[in-house]
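Let us go through this fold by question and answer. Have the sequence and the coordinates open.

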Amino acid sequence: PLVGAHKGRPDMPLRAMLARGLGLRELPAHVQTYEDALAFLLAPDTHNLTPALAYDLTFPEVFYPQVSGFRGQVSGEDEARLAPFPERHGFDVVVGNPPWDRMLPADKEFFAAYEFAVLDAATKREREALERRLQSDPLVATAHAEYIEAFRSVERILDKLYAYQVVVIDGEKTIGKQDAFRAFMERNAQLLGPTGLTGVVVPSAFHANEGATGVRRLYFEQMATRCCYSFENRNKLFEIDSRFKFAPVIAARQGPTTEFPCAFYLHDDGWLFEHGGREPLHYTLDFVRRTGGEYLSLLELRSAQDAEVARICFANGEPFGHVCERLGIRLGRELNMTDDAWRFTPTSQVLPDGEDPRDPAVAAALREQGYLVLQEGKHFHQFDDLWDERPKYLLSFEKLSSAQHLLPASTTYRISQRGVSSSTNERTSIFHLLPPGRITGHNNPTERTPYESTNIDRLHLLGEVNTFAFDFVTRLKVNVYLSMFILQSIPFATATRSRAMLAHAALRLTCNHAGYAALWQEQVGAAWREERAAFDWPVLAGDEARWAVRAAIDAVVAAAYGLSRAQYAHVLTTFSHKSYAQAPQRCLAAFDELQALGLAAFTQQHDPYWDIPLNENLPQPVITLPVPEGTGDKGTRGRGTRGQGTGSTASAPVYASPQMALDLGAATPPAQQVIDFAAATAARQPTKKAADASAGYDAGEAARYERVRALLAERGQLTSGEVQLALGADGAGARALLKRLVDDGLARVEGEKRGTRYVGVRQGD
């Protein structure tokens, strides 16, 4: 009978121990003996139980060859001779195509089995309302709880049996959704004998994603990787999306890796047997460590020339993440395009005549009506905030009441980056300077604390990251998304001697309308040394004028990396230049001019504002928004020169109604631009006043929970201390809200005691 306690765990009853081993909350009442338990296991209708295979017991001759011939007849001298128990062996070869699925619950699909309308819900908010109604049925709620518990039990197994699924780097665990292929790759290694080999076909996430860092450590440092060949599915080798990339990987159990052949962007599996003139490149572990850092991600090189350029850039560059940290520039996501869709107002409802909300006069009028602009990646390009069609959505102050921490940062200029950007697009590294009054979607990381860095540093950074050389190295790591994980490791050429020239060039390229008038005045005052009429925006009109400036900064950055002319020419050949075919010739001509004149003369030649002292002051707000007191980002520094007043934690000044906050003076042309800007706003159609700002979010439980959900969506993970600080709650109240996130399947718990974190879980998206 299943009574008493397990001898290894005297605190745990046998029934509970067996239930836990089966991944169940408890055993059915009729299971009273081991025979009952065996019958229960073997019953065809047993829910969610999968037959398990103990490889070493099924194949003892493989794992314990020294004793496999003595089973049932070991005694006396043989028993003594075989003690201690021999070392565990394993298979000589393990091959396979493991599942490529993510091991995460999909609530949308689960509830759709009960009601198809879940799939048709227009927003996540509507879908969640349907799901809550379905869960009011006890049978559905129980089935859902069991569904979620099945995934949790798998997570517990992974934590117990696998050591390389999650690793710690700089005190932080690697993040990323759990992929099934990662568990299979580690399991394959566990099943190998000392001289065994494993061969698998896995997604390109193996050599690129942060979540696979642990498995890469296993295959590169503990094992000896023999090859990694990455294919694009253009020829439909698998019946999946043609853009998907996958890689055959072979590794030996005994490591570490010294050198292994790699090839990327392959299309024909026949290449594995006949290379057809394209030979693989040979990566060393040292090269992987220098270019992939502690994450050991692989550069997707196509040729030996690519490899040489990459080697030089990584040798002479500083990781982009380190540069941003040094300058106080922090990029992060703002609103989630799915979770926050309920906040969005279609632009056509407010501007039915087709006006562009990015136009400075239109944007100012919209703020009077209580709206900001939601900017997505398709709405901007390098040095251009008016790219493509007008934004689809606006954000009302009323619906931002639970996300008002976003408003202080949006009162000044900020760097924003396009996340969805394939390595096969014309450009991959796409940054621009976001004007005030805009908030971005989660695919476009944007500065969160713009008052902690100077605009001159911001412009210098912008000038470098939009060059071909920086973009070239970026493309070597990107598949279809330029994540912060990838971006932080890209080498940045620290062209400090050209800082003023690069910043002024970025300023001239960025100031395309009156919305940048305050930035121009801050940086160069009343100076205007352009061929166009004074303060006639844009500063640089037309491709010829813009590319004269772009080619100059591109050449300076290529030289700062230490590239030769031939290497720079190779970099330029890897881009299509379909939007401006003359770019390679202009860039090379500028590079030749730089080599002939020297850096000092070249920068003066191409920077008409070279003699104006740089403005090292921290920025001032440019617009004002109805932000209640106390909602500013913590850590926002005081306004002054760099190094002064940095101990202050004051928030950005906020006012009762939208207006220009920066006094430009009465006599300067930029000031006249602001006057004209305000006049144009006043002349527009009558506008209603902005909705009265709430003095704070609702203290009710529902509103507090929504606030915590918004924080989790914004930050990706939370601690109890962060929730206490954001809500002014006590420890017990914060823990109760966090527990509800876990119960609702929105978060999972990592760590324990003071190190406990609640990490966001995306379900069904």
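Q: In strand 23, which residue is the bridge partner of Leu 718?
A: The model is predicted, so local features need pLDDT of at least 70 and side-chain atom pairs count only at pLDDT 80 or more, while totals for chains, interfaces and linings use all residues. Residues are numbered from 1 along each chain as its sequence is written, and side-chain values use heavy atoms, without hydrogens and water. Strands (E, at least two residues) and helices (H or I, at least four) are DSSP runs numbered from the N terminus. In strand 23, the partner of Leu 718 is Tyr 758.

Q: What is the strand order of the open sheet of three strands?
A: Strand 21 and strand 23 (residues 757-760) pair antiparallel over two bridges; pairing requires that DSSP finds at least two bridges between two strands. Strand 21 (717-718) and strand 22 (747-750) are the edge strands, each pairing on one side only. The order is 21-23-22.

Q: At about what angle does helix 30 run to strand 22?
A: Helix 30 (residues 731-743) lies across strand 21, strand 22 and strand 23. Axes are lines fitted to C-alpha atoms, for helices over the stretch in contact (heavy atoms within 4.5 Å). Angles run from 0 to 180 degrees between N-to-C directions. For helix 30 and strand 22 the angle is about 115°.

Q: Is helix 25 parallel or oblique to helix 26?
A: The axes of helix 25 (residues 583-597) and helix 26 (residues 599-606) come within 7 Å and cross at roughly 130°. Angles under 35 degrees count as roughly parallel, over 145 as roughly antiparallel, 65 to 115 as roughly perpendicular and the rest as oblique. Therefore helix 25 is, relative to helix 26, oblique.

Q: Which residues of helix 26 meet Ala 590, Glu 593, Leu 594 and Leu 597 in helix 25?
A: These four residues form the helix 25 side of the contact.

Q: How many residues of helix 19 are buried?
A: Helix 19 (residues 468-475) is largely enclosed by the rest of the structure. Its buried residues include Phe 468, Asp 471 and Arg 475.

Q: Which residue in strand 17 stands opposite Arg 414?
A: Strand 16 (residues 414-417) and strand 17 (residues 431-434) pair antiparallel over four bridges. Arg 414 and Ser 416 point one way from strand 16, Ile 415 and Gln 417 the other way, and all are buried. Opposite Arg 414 stands Leu 434.

Q: What is the relative accessible area of Tyr 265?
A: Tyr 265 is found in strand 9. Its phi is positive, about 60°, although it is not a glycine. Tyr 265 is buried, with a relative accessible area of 5%.

Definitions and conventions
Buried means under 20% relative accessible area, exposed over 50%, partly exposed in between (1.4 Å probe, protein chains only).
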